Each structure stands twice: as C-alpha cells, then as structure tokens.
Amino acid sequence: MTAMWTLTRYIFSDIIRNKVIVLYAGFQLLAALLLFNLEENPDKALLSLLNIELIVIPLISMIFSTIHYYNSYEFIEMLLAQPLGRRQVFLSEFFACALSLVLAFILGLGIPVLLHFQDMLAFNFLLTGTLLTFACTAIAFCAAVLARDKARGIGIVLLLWFYFALVYDGIVLMILFTFSDYPLERLTLLLTALNPIDLTRVSMMLRMDVSALMGYTGALFKEFFGSFRGMLYTGGILFLWTLLPLILSLRIFRNKDL
Amino acid sequence: MIETRALTKSFKRIRALQQVDLSMNENQVVSLIGPNGSGKTTLIKCILGLVRPDGGEIHINGRAIGEDFQYRSAIGYMPQIGRYPDHMKVGQLFDLLRSLRAKQGGQTDDELIAHYRLERIFDQPMRTLSGGTRQKVSAAVAFLFDPKIYILDEPTAGLDPLSSEILKEKIRKIREHQRLVVITSHILSDLDDLTTHILYLQDGRVHYQASMEELRSFTGEQKFGKAIASIMQQSNR
C-alpha cells in the first residue's frame with residue numbers, strides 16, 4: 001500500500017506540471033471569472049458554467065487520461081520490472097491522473113464558485129464535478145487498456161464522449177416522446193443513472209431555481225434529487241461509474257502482455 | 001538462476017516462443033542473440049513477468065514465478081528504450097526507486113551514477129535528456145540495487161563509445177560475484193570479450209546454447225562474430 005501511494009505522489013507531481021493541466025485549470029478560472037463578473041445574477045452565471053463544465057470536464061478528463069496512459073507505457077513497463085504488482089502500478093497511474101484533474105477543477109472552478117455560493121448547491125457542484133472527473137478518468141483508462149493502439153484508444157474515448165454528451169440525450173428524448181402516454185417518471189430516473197453526465201446535470205439543475213419551469217416530472221425529480229437521499233443516490237451512482245470501469249480495466253490489465 | 005521448461009507464447013498467429021528450455025547460472029554472462037523477431041524480447045519479458053506465457057514454466061532461483069512479484073527484487077532490468085515521465089527530474093527517479101525497493105540499510109550501488117556523472121543532471125527534467133543520456137539513466141537504474149540477475153536489452157545501442165566502455169567495465173566487475181548477466185545485442189563485436197555463454201534463438205526456438213569455449217571448438221573460429229555467423233549459416237541451411 002505505501003509503495004502505491006509513494007508512486008502516486010511522484011506521478012502526480014509529474015502530471016500537475018504538465019502544460020495541458022495548467023491550461024485546463026486556467027481556462028476554467030477564466031470562464032468562471034468572466035461569467036461571474038459579466039452576469040449580474042450569480043445563479044444564471046452558475047447555470048452557464050455548469051453547461052460549459054458538463055462538456056469540458058468529460059472531454060478533457062477522458063482525452064488527457066488516455067494520452068497519459070499511452071505516453072506512460074514504457075515507464076509502466078519499467079515499473080513492472082521492479083518488485084511491484086500490476087494492481088499497484090495501474091492504480092497509482094489512475095489516482096495520480098484523476099487527482100491532478102480534480103485539483104485543476106477545484107482550483108479553476110471550485111474556488112470561484114465557493115466565493116459566490118456557500119450552500120448545498122456549491123457543495124453539490126464540487127462533489128459531482130469531482131466524481132464526474134473520477135468516472136471519466138476510469139472510463140478512459142478502461143478504453144486505453146482495451147486498445148493497444150494509441151489512435152484507436154483516443155478514437156474510442158472520443159466516441160464515448162460524443163455518445164454521453166450528445167447522442168444519449170437524443171435517445172432519451174425519443175423514448176420519452178414515443179411513450180409519452182405512459183407514466184415515465186421512474187424510467188426517466190433510471191435513464192439518467194445510465195449516463196454520468198446527465199446525472200450530474202439533473203442533480204445540479206434541480207437544486208437551482210430553473211427547476212420551477214419543469215412541470216410535474218420536474219417537481220417529482222426535485223423532491224427526489226433535492227433531498228439528502230437524492231444526493232447519496234447521485235454520489236453512489238457516480239461512484240459506481242468509477243468503480244465498475246476500474247474493476248474491468250484491472251482485470252484486463254492483470255493478464256495483459258505489455 | 002533462471003530456468004525455463006517448455007516455455008511457449010503466441011501472439012495471434014505469430015509463434016514467438018516454442019518449447020523453450022534453457023538454464024542460465026551464476027558467474028555467467030549470457031548473450032542472447034538471434035535475428036529480428038526471433039523471440040529475444042518476448043523471452044526477456046516473460047522472465048520479467050511483463051508477458052504472460054501460454055505454457056511452460058519459469059524458475060528464478062529455484063522458484064516458479066507466478067502471481068507473487070517479489071522475485072523481481074533479485075533482478076535489475078535495463079530496457080531497450082527507456083522513457084520516463086516528462087516532468088520528473090532525474091534525481092526524483094532515483095529517489096522514487098530507492099523508496100520503492102531499497103534493501104534494509106539502504107545500501108545502493110551508485111557507481112554508474114558516479115561514472116556517468118548523473119548528479120550533474122539530477123535537477124533536469126526527463127524530457128530534456130537526449131536518447132543516449134536516458135540510456136545512461138536506465139543503465140544506472142538497472143545496477144542500482146545490486147541484484148543477483150541483470151537483464152540488459154540492447155544495452156549499448158544508444159551509448160557513445162566511452163559510455164559503452166564504462167558499462168562494459170561495470171559488467172566485467174560484477175560478473176565474478178555470483179551474478180548472472182543476460183544481454184541481448186545486435187552488435188556482435190561489442191560483446192566479444194564479455195560473453196561467457198551464448199544462446200541463439202531463431203523463430204522462437206533455442207537453436208544453440210553453449211559456452212564460448214564450446215562455440216570456438218565447434219566452429220573452429222576464434223572471433224566471436226565469425227563463430228556466430230557460422231552458426232547462423234548452419235541453421236539457415
């Protein structure tokens with residue numbers, strides 16, 4: 001265990017000096033400062049930030065993690081020639097990558113948001129953003145372990161992002177429209193759980209005033225997601241979105257030929 | 001020290017290793033040679049646990065290797081291409097490895113660090129190093145923990161003649177101390193005076209395994225390169 005965290009610390013200190021991570025944090029900080037300063041109503045600014053975030057966090061986390069994995073290939077080989085287990089090495093790479101992306105998120109967006117909001121909304125924002133970063137990193141590592149070729153790995157990850165960020169909403173809308181004669185509240189709840197980005201969006205939106213515009217389903221959702229139980233649910237599902245890809249990639253990585 | 005029995009490995013349709021039986025012991029410097037794609041790197045990676053064999057056994061110091069990775073504390077490995085995290089400093093790499101596998105008492109073999117004068121670049125990040133300098137770092141890492149077994153994959157490939165000579169001097173020095181050194185290399189003349197045994201691989205099979213004396217008397221050639229060439233010609237017939 002100690003070996004794993006030692007390794008994580010060294011890899012982490014390498015990644016946070018990476019230009020991409022610095023730019024990622026800087027971009028978020030710039031967006032937050034601009035929106036909070038230009039928009040008089042901080043709630044509206046937060047809503048705009050949320051929409052940027054739901055595109056940017058998954059995209060950057062997934063692509064950066066995939067590229068990081070492929071670039072570390074020879075280093076991982078060298079580490080595995082030392083008396084270290086495969087799980088230790090893999091998890092160190094994962095945690096170092098996820099934690100540095102989370103650090104960039106907290107510094108770039110977390111702090112400006114905390115300056116304007118100090119309530120459950122801000123807490124929910126930080127929590128879901130952090131968990132979403134972990135989930136996207138885990139999914140990216142899974143894709144990278146599956147595909148030997150760098151170009152193919154990045155391709156898979158881009159497709160996944162495209163699916164979660166854009167295509168999935170269309171599918172959900174189509175289902176809701178087709179079966180609009182039936183009560184769909186529970187199904188919709190289930191459908192949001194199958195997409196980490198949507199889940200984050202819903203759990204944030206329903207804590208904001210805009211949820212007043214969402215009619216009957218919105219009211220039901222608000223009751224659910226607004227409660228503490230709803231927060232546990234969101235957190236739990238996002239945690240599963242990290243755990244399951246991670247378990248799968250560990251299983252593949254354990255018997256992989258490097 | 002290293003023994004394999006019926007070691008077999010295929011990658012899709014390519015049979016990289018077929019029923020490889022070999023044994024290597026202390027006080028030997030074994031040259032692992034063979035044409036490109038003959039299975040040298042696969043063999044090394046199987047021994048290091050980086051590639052999982054399809055069949056057969058590998059014994060290191062009398063124990064079969066399996067899930068337990070502790071056997072690798074007896075091995076120092078120098079890869080063909082060493083790449084390290086871009087922003088990690090040279091000094092940090094050594095710190096990291098020391099904290100991961102330093103023995104009780106913390107004694108390490110820093111001789112190559114000193115001879116290559118790596119302290120002078122301890123503050124430089126890895127990405128600024130040239131290919132040759134990275135090779136020197138890799139060599140120093142392989143020798144750092146005074147292991148019983150050294151596995152060096154194309155060690156002199158990127159090194160300038162002086163650095164290559166330093167490395168050879170180091171190998172000469174350690175080989176008398178119950179150590180086993182396994183070297184793969186394409187450059188035959190480089191290995192002439194170091195090698196005690198050769199292992200010739202072709203198409204994933206061990207074609208020839210012998211000591212240098214046996215090789216010389218078998219082929220009638222005094223020069224290592226010529227002796228090898230004569231073996232290669234025979235196996236091509």
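## Chain A: overall build

The model is a predicted one, in which local features need pLDDT of at least 70 and side-chain atom pairs count only at pLDDT 80 or more, whereas totals for chains, interfaces and linings use all residues. Residues are numbered from 1 along each chain as its sequence is written, while chains are lettered from A and ligands numbered from 1 in the order in which they are written.

Chain A has eleven helices and zero strands, where helices (H or I, at least four residues) and strands (E, at least two) are DSSP runs numbered from the N terminus. The radius of gyration of chain A, taken over C-alpha atoms, is 19 Å, close to the 18 Å that the globule rule (2.2 Å times the number of residues to the power 0.38) gives for 258 residues, so chain A is as compact as a globular protein of that length. Its C-alpha trace spans about 60 × 45 × 30 Å along the principal axes. Of the contacts in chain A with a separation of 6 or more, 78% are accounted for by residues 24 or more positions apart, a contact being a pair of residues whose C-beta atoms, placed from the backbone, lie within 7 Å.

## Helix 6 of chain A

Helix 6 of chain A has 27 residues and reaches 39 Å from its first C-alpha to its last, close to the 39 Å expected at 1.5 Å a residue, the expected span being 1.5 Å times one less than the number of residues. Of these 27 residues, 19 are buried, so helix 6 of chain A is largely enclosed by the rest of the structure.

A:Met120 lies in this helix, which covers residues 120-146, and is partly exposed, with 13 other C-beta atoms within 10 Å. Although A:Met120 and A:Arg207 are 87 residues apart in sequence, their C-alpha atoms are 8.5 Å apart in space.

## Contact between the chains

In the contact between the two chains, 22 residues of chain A meet 24 residues of chain B. Helix 1 (2-15) and helix 4 (73-80) of chain A each supply at least two residues of the side of chain A that touches chain B, and the largest share of that side, six residues, comes from helix 1 of chain A. By class, this side of chain A has eleven nonpolar, six polar and five charged residues, where Ala, Val, Leu, Ile, Met, Phe, Trp, Tyr, Cys and Pro count as nonpolar, Asp, Glu, Lys and Arg as charged, and the others, Gly among them, as polar.

## The nonpolar core

A nonpolar core is a set of buried Ala, Val, Leu, Ile, Met, Phe, Trp, Tyr and Cys residues joined through C-beta atoms within 7 Å. The largest one has 126 residues, of which A:Ala135, B:Ala140, B:Ile151, B:Val181 and B:Val182 touch the most other members. Leaving aside residues up to four places away in sequence, B:Val182 touches B:Met24, B:Val30, B:Leu32, B:Tyr150, B:Ile151 and B:Leu152.

## Strands of chain B

Four strands of chain B form an open sheet in the order 2-1-4-5 with antiparallel pairing, two strands being paired if DSSP finds at least two bridges between them. Strand 2 (14-24) and strand 5 (63-64) of chain B are the edge strands, each pairing on one side only. Strand 1 (residues 2-11) and strand 4 (residues 55-60) of chain B run antiparallel and are joined by five bridges; B:Glu3 stands opposite B:His59 in strand 4.

Strand 6 (residues 75-78) of chain B is covered on both faces, with B:Ile75 and B:Tyr77 buried on one side and B:Gly76 and B:Met78 buried on the other. This strand pairs with strand 7 (residues 149-153) of chain B in the parallel sense over four bridges, and B:Gly76 stands opposite B:Tyr150 in strand 7.

## Helix 1 and positive phi in chain B

Helix 1 (residues 40-48) of chain B is mostly covered, eight of its nine residues being buried, including B:Lys40 and B:Lys45. Just after this helix, B:Gly49 takes a positive phi of about 80°.

Most residues other than glycine have a negative phi.

Methods. Buried ≥ 20, exposed ≤ 12 C-beta atoms within 10 Å, placed from the backbone.
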